[in-house]
Amino acid sequence: MAMLLEDILQSVELWLKLIKQPQPYVNPNLDPVLLVPGIAGSILKAVDDENGKEERVWVRILAADYTFRTKLWSRFDPATGKTVSMDSNTSVTVPEDRYGLYAIDVLDPDMVIGRECVYYFHDMIVEMIKWGFQEGKTLFGFGYDFRQSNRLPETLDRLAAKLESVYNAAGGKKINIISHSMGGLLVKCFMCLRSDIFEKYVKNWIAIAAPFQGAPGYVNSTFLNGMSFVEGWEQNFFISKWSMHQLLVECPSLYELMGCPDFHWENTPALELWREKHDSDRKHDSDGKPRVILESHHPEDSIEIIKESLANNKVNYDGEDLPLPFNMEIMKWANKTREILSGAKLPSEVKFYNIYGIGLETPHTVCYGSGEKPVSDLQQLRYSQAKYICVDGDGTVPAESAKADGLKAEARVGVPGEHRGILCERHVFRILKHWLKAGDPDPYYNPLNDYVILPTAFEMEQRKENDLDVSSLKGEWEIISHDQDECSHSADKISLGAISVSHEGANQSCSDAHPGILVHSGNNGGRQCVQLNELTVSVDA
């Protein structure tokens with residue numbers, strides 16, 4: 001019955017592809033864009049090496065957990081740095097349909113109800129096509145096996161070939177890379193290890209929500225408790241947290257997302273444990289109870305805690321119990337990756353931009369146990385509920401980490417949004433459209449605050465003061481917020497006035513700007529505060 005339903009869904013999907021769609025607007029002057037997703041952001045297929053049969057293993061609904069465990073669970077090979085499926089007859093591939101976009105668009109194309117939860121770059125692709133981008137000409141995708149290290153030579157070879165093919169398909173135009181999340185680490189690794197190819201083909205790189213210094217709270221809790229790809233009722237149809245946990249323990253990519261121990265954090269992330277203190281000289285408090293203390297382990301120290309908690313972790317695969325402890329060989333590999341990333345240099349001809357998420361409580365320090373119920377056995381942490389000390393970020397990556405790219409950036413812009421949801425934020429779309437020059441250029445748009453400042457009226461006056469010719473210019477400007485424009489009343493305009501410029505001529509010269517700023521809203525008569533940079537320049541001859 002399950003197979004019959006799957007066949008029906010595939011037939012419907014094929015039929016929908018055959019329906020003729022109206023031809024979208026195409027702008028032939030755009031530079032090509034390559035979209036690079038983050039961890040768990042690519043469709044993966046398992047290929048039977050004996051008969052060549054393919055089946056999607058990430059993401060899917062029907063028989064999801066079973067297929068995931070049998071086809072995608074893997075073991076790390078320290079000799080190659082690659083994690084290999086436990087099923088020796090299975091190879092994992094990424095579909096290349098629609099010039100790589102299929103694999104990063106909707107991660108489960110068969111899903112009908114609640115489909116938005118498996119959108120990845122979908123909304124961005126739809127938006128960019130409206131701007132005039134064309135699949136296969138100026139819009140491409142690069143999906144990859146996200147289990148692997150971000151510096152795996154095989155992945156870097158594929159990315160090099162992709163850049164060359166995009167460059168050729170676009171008629172020799174250099175490429176704009178837009179990466180999301182861990183995709184930023186992959187691109188940065190490529191820039192370090194294949195710098196000549198990167199410089200040859202890349203024009204701009206825009207990183208969105210990239211964990212440049214790691215995602216410590218998210219990763220520590222994932223190592224100990226697993227993770228869910230989606231939240232809410234939809235997670236009942238996807239991979240269980242336990243199954244995902246067993247996969248990620250052998251994934252170099254996750255180790256490379258751990259909090260960087262060498263970074264100078266404003267607030268150092270930690271793994272905290274409430275534990276009973278059993279020292280020889282003072283075992284109990286004065287009331288006879290064991291002394292309970294809060295231990296705080298910084299990034300390097302926390303590895304030993306995670307290692308001990310996973311010491312007896314194992315899975316049963318094909319009737320055999322296989323140990324899956326915290327893998328120190330992968331940790332060594334990840335440390336080397338971090339060392340490579342720390343030496344990254346942006347080629348002089350490439351421009352880099354950084355968009356990071358803000359406004360959400362983001363796990364930074366993870367705490368287990370309490371003063372009343374301390375942790376007595378580290379191996380029970382896997383079954384414990386974590387508490388978090390949070391910082392500002394996108395819910396997954398702290399803003400502090402995402403901003404710390406270590407590169408010469410043209411701009412860094414914080415946008416309120418959730419880690420994956422930021423890919424469908426209208427503010428992000430406006431920023432990308434501005435940076436990609438996709439449409440008529442708007443010289444008044446400011447990505448930092450998402451305002452457009454438009455001149456609406458000017459008044460020029462010339463007069464004599466103390467035998468000097470004085471020219472003054474007074475202007476009125478209107479500040480328009482796109483979000484406000486889209487969802488508020490048309491009368492709710494923000495305006496400012498009394499910007500004046502004067503120039504004294506002849507023997508003395510002085511140029512001054514004295515803005516008198518009043519910002520007011522039309523909906524309730526109240527005032528709104530807008531922070532502007534005031535600049536006064538005086539030149540005397």
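Reader: What are α3 and α13 to each other?

Author: α3 and α13 are oblique to each other, because angles under 35 degrees count as roughly parallel, over 145 as roughly antiparallel, 65 to 115 as roughly perpendicular, and the rest as oblique. In this case, α3 and helix α13 (residues 426-435) pack at about 40 degrees with axes 11 Å apart. Helices are DSSP runs of H or I with at least four residues, strands runs of E with at least two, numbered from the N terminus. Axes are lines fitted to C-alpha atoms, for helices over the stretch in contact, and angles run from 0 to 180 degrees between N-to-C directions.

The model is predicted: local features need pLDDT of at least 70 and side-chain atom pairs pLDDT 80 or more, while totals for chains, interfaces and linings use all residues. Numbering starts from 1 along each chain as its sequence is written, and side-chain values use heavy atoms, without hydrogens and water.

Reader: Which residues of α3 and α13 meet?

Author: Contact means heavy atoms within 4.5 Å. From α3 come Asp123, Met124, Glu127 and Trp131, and from α13 come Arg426, Phe429, Leu432 and Lys433. By class, the contact of α3 with α13 has four nonpolar, no polar and four charged residues. Nonpolar covers Ala, Val, Leu, Ile, Met, Phe, Trp, Tyr, Cys and Pro, charged covers Asp, Glu, Lys and Arg, and the others, Gly among them, are polar.

Reader: At what angle do the axes of α4 and α5 cross?

Author: The axes of α4 (residues 153-169) and α5 (residues 183-193) cross at roughly 85 degrees and come within 11 Å. That makes α4 roughly perpendicular to α5. Thr155, Leu156, Leu159, Ala160 and Leu163 of α4 make the contact with Leu186, Phe190 and Leu193 of α5. The residues of this contact of α4 with α5 are seven nonpolar, one polar and no charged.

Reader: Is Asp318 buried or exposed?

Author: Asp318 counts as exposed, at 76% relative accessibility. Tyr99 is partly exposed, with a relative accessible area of 47%. Buried means under 20%, exposed over 50%, and partly exposed in between (1.4 Å probe, protein chains only).

Reader: Which peptide bond is cis?

Author: The bond from Trp58 to Val59 is cis, with omega near 0 degrees. Val59 is in the loop between β3 (54-58) and α2 (64-71).
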